[in-house]
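Reader: Please present the model, and then let us discuss its fold and its chain contacts.

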Amino acid sequence: MDLSFSDEELAFRDDIRTFFQEKYPQELREKLSKGIRLTREDHVNWQKILNDAGYMAVNWPVEYGGTGWSPIQKYIFATEMAEANAPDAVPFGVNMVGPVIYTFGNEEQKQRFLPDILASNVWWCQGYSEPGAGSDLASLKTSADRDGDHYVLNGTKTWTTLGQHADWIFVLARTNADVARRQEGISFILCDMNTPGITVRPIITIEGGHEVNEVHFENVRVPVDNLVGEEGKGWTYGKVLLQHERTNIAGVARSKYRLARLKEMAASSIHGADPLIAQASFRAKLVETEVALKALEFTDLRTLAAVATGKAPGPESSILKIKGTEMQQQLDTLYVEAAGYYAMPYVPDQFSLDATDDDVVVDSTEPTTALRYFNYRKASIYGGSNEIQKNIIAKHVLGL
Amino acid sequence: MDLSFSDEELAFRDDIRTFFQEKYPQELREKLSKGIRLTREDHVNWQKILNDAGYMAVNWPVEYGGTGWSPIQKYIFATEMAEANAPDAVPFGVNMVGPVIYTFGNEEQKQRFLPDILASNVWWCQGYSEPGAGSDLASLKTSADRDGDHYVLNGTKTWTTLGQHADWIFVLARTNADVARRQEGISFILCDMNTPGITVRPIITIEGGHEVNEVHFENVRVPVDNLVGEEGKGWTYGKVLLQHERTNIAGVARSKYRLARLKEMAASSIHGADPLIAQASFRAKLVETEVALKALEFTDLRTLAAVATGKAPGPESSILKIKGTEMQQQLDTLYVEAAGYYAMPYVPDQFSLDATDDDVVVDSTEPTTALRYFNYRKASIYGGSNEIQKNIIAKHVLGL
Amino acid sequence: MDFSITEDQTMLQDSVSRFIQNDYDFDMRQKNAATSQGFSTELWQSFAELGWTAVPFAEADGGLDGGATELMLMMEQFGKGLVIEPYLPCIVMAGGVLKRLASDAQKQTWLGEIIEGSKLAALAFVEPQSRFDLHDVKLTASKDGDGYVLNGAKTVVLNGASADTLVVSARSSGDRKDEDGISLFVLAADSDGISRKGYPTVDARQAAEITFDSVRVSADQLLGDAGDGLATLHAVINEAIIAICAEAVGIMQTLNYKTLEYTKSRVQFGAPIASFQALQHRMVDMFVIYEQTRSLLLHAVMMQDQEDVVAADAAVRALKIQVGTEGRKLGEEAVQLHGGMGVTWELDVAHYFKRLTMIDTLFGNADFHLEHYPLG
Amino acid sequence: MDFSITEDQTMLQDSVSRFIQNDYDFDMRQKNAATSQGFSTELWQSFAELGWTAVPFAEADGGLDGGATELMLMMEQFGKGLVIEPYLPCIVMAGGVLKRLASDAQKQTWLGEIIEGSKLAALAFVEPQSRFDLHDVKLTASKDGDGYVLNGAKTVVLNGASADTLVVSARSSGDRKDEDGISLFVLAADSDGISRKGYPTVDARQAAEITFDSVRVSADQLLGDAGDGLATLHAVINEAIIAICAEAVGIMQTLNYKTLEYTKSRVQFGAPIASFQALQHRMVDMFVIYEQTRSLLLHAVMMQDQEDVVAADAAVRALKIQVGTEGRKLGEEAVQLHGGMGVTWELDVAHYFKRLTMIDTLFGNADFHLEHYPLG
């Protein structure tokens with residue numbers, strides 16, 4: 001057993017660190033540190049920089065333009081990215097539909113879609129969740145009826161993150177309603193958002209932001225060429241996709257960065273006579289958080305090590321989803337507590353893109369703490385709720 | 001709404017307080033403060049003192065020699081008893097079989113059994129739990145087959161507390177195995193422990209003590225006169241008995257007494273530079289415990305008030321069982337933490353009846369803390385496990 | 001020992017409860033919250049006409065002699081309705097200072113209009129550096145002739161933008177954290193030298209940043225004796241804590257009810273999720289938290305007319321600790337059991353949750369009161 | 001970054017594991033625990049013959065050069081077997097001081113016999129007033145000629161009654177809580193002036209109260225430099241914490257396994273209780289606690305050969321905090337899910353639970369290490 005990095009790994013880390021120091025735009029750095037939301041352009045520009053360096057498709061095989069990195073290299077990259085407080089690539093193209101296309105798509109589809117994903121020329125969004133389906137994904141109702149050389153899509157998809165920016169959407173739809181198991185008869189279809197019959201309606205979330213959407217399909221005609229793989233096999237492809245969604249699911253590096261910032265905040269924030277960090281109850285929570293985060297980090301590393309030796313990340317990765325999201329939410333809670341009264345002002349304009357000095361009501365980022373806390377209650381709900389994760393562990397790990 | 005006691009209630013409290021000051025034997029007081037176990041005689045003598053004062057059967061109607069007190073009076077009595085650290089009457093006679101006899105028994109049975117319960121001339125023990133039955137009481141297997149003017153008992157009862165001291169046992173047994181519902185065909189039978197065919201085997205509990213027993217019945221012949229009420233109605237009677245077992249189930253008064261002692265202990269026990277009570281983490285736990293105990297006390301009082309206005313204590317009393325036992329166990333845990341290394345010595349002889357100075361290894365009662373902590377893990381298991389209580393609330397309160 | 005409420009109290013409870021159920025629906029509340037003022041002046045008038053704005057004041061001052069019990073009964077209903085009108089800052093907080101310290105003349109000048117509902121008030125006591133410490137006051141009141149001049153800033157002043165009348169804590173002597181030397185003043189919100197920046201809060205209330213630049217107040221705007229303000233401030237905030245915790249209890253009861261209804265109707269994997277035992281036990285825990293919190297609320301209310309002031313203060317802190325820890329847990333569980341819907345703006349559950357969460361912050365969070373709890 | 005263990009380490013793990021499974025059954029353990037000595041000398045001999053007593057010592061001293069990893073691998077198996085033989089007090093604690101401080105001559109005199117298994121040792125460092133503070137030492141070592149005289153008392157000395165050799169911390173200078181001035185001595189347990197009162201502990205280990213009444217020790221019984229003992233004591237206790245936490249991880253794994261097996265076989269209301277979802281989710285929580293604790297154990301072990309000593313100390317405290325909080329929760333759940341059987345002496349589960357609980361107390365409970373955690 002040995003905790004140290006090899007010389008190669010250390011050299012790799014230095015390269016990555018230099019990249020973020022030199023190539024990560026100062027302007028983005030500032031926006032994020034001030035809690036200002038990013039525009040579509042901000043994301044695209046940054047992703048093009050990542051792609052120029054060959055760092056866009058961390059999880060793709062080399063043949064399709066991926067890095068081909070080892071789990072440890074990916075871990076190092078994620079750590080440096082978090083340390084630089086640089087945003088992840090928007091996952092729907094590169095981490096979701098991309099892998100499905102290069103794994104199950106035909107040559108023509110690979111040629112047509114993968115390069116634009118790498119270059120961030122096309123913005124993808126997801127179409128698998130449906131209203132009412134919740135954790136029970138297989139109960140989806142959106143239909144894709146064959147009509148000549150087209151599929152005709154009807155139905156509604158929901159929780160479509162940043163769908164308002166999207167050029168294309170990947171859709172799980174029923175091509176065959178007359179099946180024994182609900183998981184059958186589902187197909188994986190790619191759809192241009194400009195196709196007539198598609199309407200995108202914003203869903204405003206608890207904290208007042210617009211990030212997710214409902215996407216409605218009314219007689220939307222999609223060429224059959226846009227079917228990925230075999231008709232009726234969509235469920236299998238979708239599971240692969242969710243696997244990839246789980247890459248770095250524990251979010252350890254981001255949480256470590258946030259805990260470090262929280263300590264700084266608590267060291268400056270005054271509580272009675274002392275800085276908050278010296279106040280016993282809060283200090284105890286910081287210690288408990290650091291202990292839990294260290295445990296999470298090593299459970300994550302143990303999983304990586306297993307993957308590195310060829311073992312697929314089994315249902316144990318459900319632990320990472322549960323503990324990873326609990327950690328994010330624990331940090332959110334402590335940020336709110338540290339902010340005191342300054343968690344209360346609802347001043348989104350002051351964090352908007354075109355904020356002027358007049359918009360600044362409270363000269364502090366603390367008013368973002370409660371908004372983030374409220375918004376990230378979703379973390380224990382999405383991606384398979386933590387209750388579902390416990391059912392998975394009970395069944396597949398404990399054999400219950 | 002008013003928190004204060006009426007003048008009558010205050011006068012009553014003074015009477016009770018005086019009683020414990022004057023009549024509670026110094027010798028018992030010392031034994032309990034030193035953590036020394038009580039003998040059968042200790043219990044009997046004390047109960048005779050209670051009976052002479054008319055305080056033995058707190059919950060009985062006046063006509064059978066009970067106090068006929070109001071819920072508030074019972075609350076005051078329990079509080080003063082706890083403040084005096086005086087032991088409760090052993091419940092199996094006065095709180096369990098007694099009420100069943102005066103409610104469902106015939107005149108002859110009332111005459112024969114109730115006076116000896118009041119006078120503590122007869123020591124009763126329980127025979128309802130069975131090995132393997134656990135929380136599923138109705139699955140009991142002990143049989144009582146009619147043979148002439150006798151029942152012949154065969155089977156095993158367990159968790160029979162202080163059965164080693166008992167003169168009589170009350171038994172729930174099947175007089176009819178051929179029934180639709182398992183709750184039917186059960187009868188409530190009184191049995192002299194000296195009857196041939198009864199053997200009592202000790203069960204040693206986790207901490208090494210002998211308090212509970214298994215009672216085996218092999219062709220034990222009991223006169224049919226010892227049947228209480230109707231044959232086959234035993235389940236109904238048993239439920240009434242368990243209701244009475246729940247009197248003062250929250251144990252608020254005892255927990256308040258123990259929290260006060262714990263504060264004293266933590267104020268004297270040294271932790272680093274400060275007394276333990278000044279150490280932030282432990283102090284925080286003491287505050288949380290005091291808050292939880294105050295909440296429990298008022299939930300208890302609200303239930304009392306409801307009872308006083310004629311409402312029967314509904315399934316809400318399951319809250320008192322859950323929270324009351326959690327509170328006891330929380331206090332047990334804090335006592336162990338306060339004891340530090342002195343929780344570790346296993347020196348039961350030092351707390352035995354005939355302990356000499358030679359037996360005193362550690363001059364402190366702290367070595368009893370871990371033993372009590374281990375032993376009282378049973379509190380969330382017995383009397384209907386806390387999981388069963390949650391099922392009750394889910395079904396009968398939340399309508400799930 | 002008596003947990004029952006009087007006929008008058010029952011009538012008050014019914015009147016508020018009926019109003020909330022019939023005349024205060026969620027959509028209207030959302031519309032009003034979205035206005036620049038952030039609540040409805042018309043509704044505030046109805047509150048006044050129904051006599052609610054008079055409840056906590058002495059009959060001699062035109063009030064209804066209500067105490068902690070009446071306050072609890074009203075605020076619990078306000079919690080169920082997620083009422084955004086400024087009863088807390090105007091009546092309980094600013095009014096609470098005036099009813100305790102104002103002379104008859106001052107009451108005539110300032111309190112009458114508040115009780116009538118013709119003017120709104122706010123209590124400015126939090127400062128950028130003070131966090132939860134009431135005695136941490138930097139805003140200065142310098143003697144000037146027979147009056148004072150106020151200089152400094154107050155932050156997150158509830159109802160600060162809509163208020164016509166301000167009650168403000170100021171340091172007339174001593175150092176920043178001295179317990180002595182804090183004076184309370186009442187003044188018109190449009191006095192020269194006052195500038196206000198209003199904004200909504202995350203729980204759909206209203207607050208303001210207020211700066212005082214050489215604001216002159218006359219001697220008859222000083223409330224009570226100079227330098228003696230802290231004790232009153234502490235008493236008013238304790239009453240305000242009881243008020244928001246009663247509100248929290250109303251919110252918890254509503255969240256539990258809505259969660260039960262939702263899980264009974266929500267079908268996943270072919271069964272209502274309320275049939276899953278793991279969720280049932282969690283809803284039982286939510287029910288127990290609600291009952292325990294209600295018990296601590298009753299305890300705190302009943303302690304207010306007992307002699308033991310330390311125990312009365314402890315009872316308030318115990319209640320706030322419970323709401324700030326167990327209450328928040330209940331809110332998070334309610335959202336979690338509602339799944340994705342629970343984190344949408346559209347669903348009222350999200351807004352009950354946000355208010356319940358912010359009640360922990362308001363007037364000092366659980367850690368703060370745990371730290372100051374008189375363990376004895 | 002490498003989580004794999006070497007071939008030698010695998011062999012060691014297998015040898016201990018096989019022994020525990022084949023030659024260390026629970027009934028025998030209970031019988032041995034009930035003897036006056038409280039463990040089996042024969043088994044201790046086997047431990048020595050198998051080379052286990054030599055593992056943590058340098059080859060030069062007749063050891064096997066084992067480090068934190070080897071210690072973890074062995075103790076985890078000892079946890080699974082609930083081993084009561086005094087490996088911790090004799091080899092890890094007393095041996096740990098000797099291997100760090102003893103001169104070659106001292107090693108020859110004292111350490112050889114311990115490694116051979118022919119003599120037993122104990123480390124006497126806890127005092128009635130010290131609670132968990134290693135530097136709180138009142139037992140005095142007064143210079144006397146070129147030797148010292150020891151006066152004072154040590155309490156709850158693990159293996160204190162059976163030990164032939166004692167290592168004791170004493171104050172040779174300074175005041176009760178000074179960090180300097182603590183010296184470590186090695187001496188025969190039957191030296192004049194030593195009186196011992198032995199007793200079992202609630203987790204079936206052995207301990208003793210030991211008083212030192214003018215006990216003479218010569219200069220060559222001083223370990224290391226006079227007054228410099230604390231750093232070594234701290235290092236040894238940290239190693240001992242890793243040892244008992246590895247033991248705890250073995251216990252947790254066993255409790256989880258036994259709880260799963262029990263709930264699958266235990267039928268209530270016509271179904272195995274393992275089929276109730278509320279219990280399933282609790283067993284999942286137990287599994288997660290076990291995995292997280294194992295992670296912190298590996299972290300602490302791997303940190304021991306890194307340069308950053310503060311981080312290495314933090315890693316040990318983090319592990320102890322986890323075992324003392326989450327680990328205890330796991331133990332309580334295991335007992336609860338076993339129902340009445342879980343609180344009987346007859347069932348091994350009760351004894352795993354008792355040991356796991358006492359591991360929190362040993363060497364400072366969770367609160368103590370939380371308080372001393374270097375948050376940075």
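**Fold and contacts**

Author: In chain C, buried residues make up 59% of the 376 residues, where buried means that 20 or more other C-beta atoms, placed from the backbone, lie within 10 Å of a residue's own. This is a predicted model, in which local features need pLDDT of at least 70 and side-chain atom pairs count only at pLDDT 80 or more, whereas totals for chains, interfaces and linings use all residues. Residues are numbered from 1 along each chain as its sequence is written, and chains are lettered from A and ligands numbered from 1 in the order in which they are written.

Reader: What radius of gyration does chain C have?

Author: The radius is taken over C-alpha atoms, and the globule rule is 2.2 Å times the number of residues to the power 0.38. For 376 residues, a compact globule would have a radius near 21 Å, and the value for chain C agrees: 21 Å.

Reader: How many helices and strands does chain C have?

Author: Helices (H or I, at least four residues) and strands (E, at least two) are DSSP runs numbered from the N terminus. By this count, chain C has 10 strands and 11 helices.

Reader: Are helix 5 and helix 6 of chain C roughly parallel or roughly antiparallel?

Author: Helix 5 (residues 87-101) and helix 6 (residues 104-116) of chain C pack with their axes 11 Å apart, at an angle of about 160°. Axes are lines fitted to C-alpha atoms over the stretch in contact, and angles run from 0 to 180 degrees between N-to-C directions. Angles over 145 degrees count as roughly antiparallel. Helix 5 and helix 6 of chain C are therefore roughly antiparallel.

Reader: Which residues of helix 6 of chain C does helix 5 meet?

Author: Two residues are in contact if their C-beta atoms, placed from the backbone, lie within 7 Å. From helix 5 of chain C come C:Cys90, C:Gly95, C:Leu98 and C:Lys99; in helix 6 of chain C they meet C:Lys107, C:Trp110, C:Leu111 and C:Ile114.

Reader: Which element gives the most to the side of chain D that touches chain B?

Author: The contact takes 34 residues from chain B and 33 residues from chain D. Among the elements of chain D that give two or more residues are strand 3 (147-158), helix 9 (309-338) and helix 10 (348-361). With 4 residues, the most comes from helix 10 of chain D.

Reader: Which element gives the largest share of the side of chain A that touches chain C?

Author: Here 34 residues of chain A are in contact with 33 residues of chain C. The largest share of the chain A side, 3 residues, comes from helix 11 of chain A.

How values were computed
A residue is buried if 20 or more other C-beta atoms lie within 10 Å of its own, exposed if 12 or fewer, and partly exposed in between; C-beta atoms are placed from the backbone. Angles under 35 degrees count as roughly parallel, over 145 as roughly antiparallel, 65 to 115 as roughly perpendicular and the rest as oblique.
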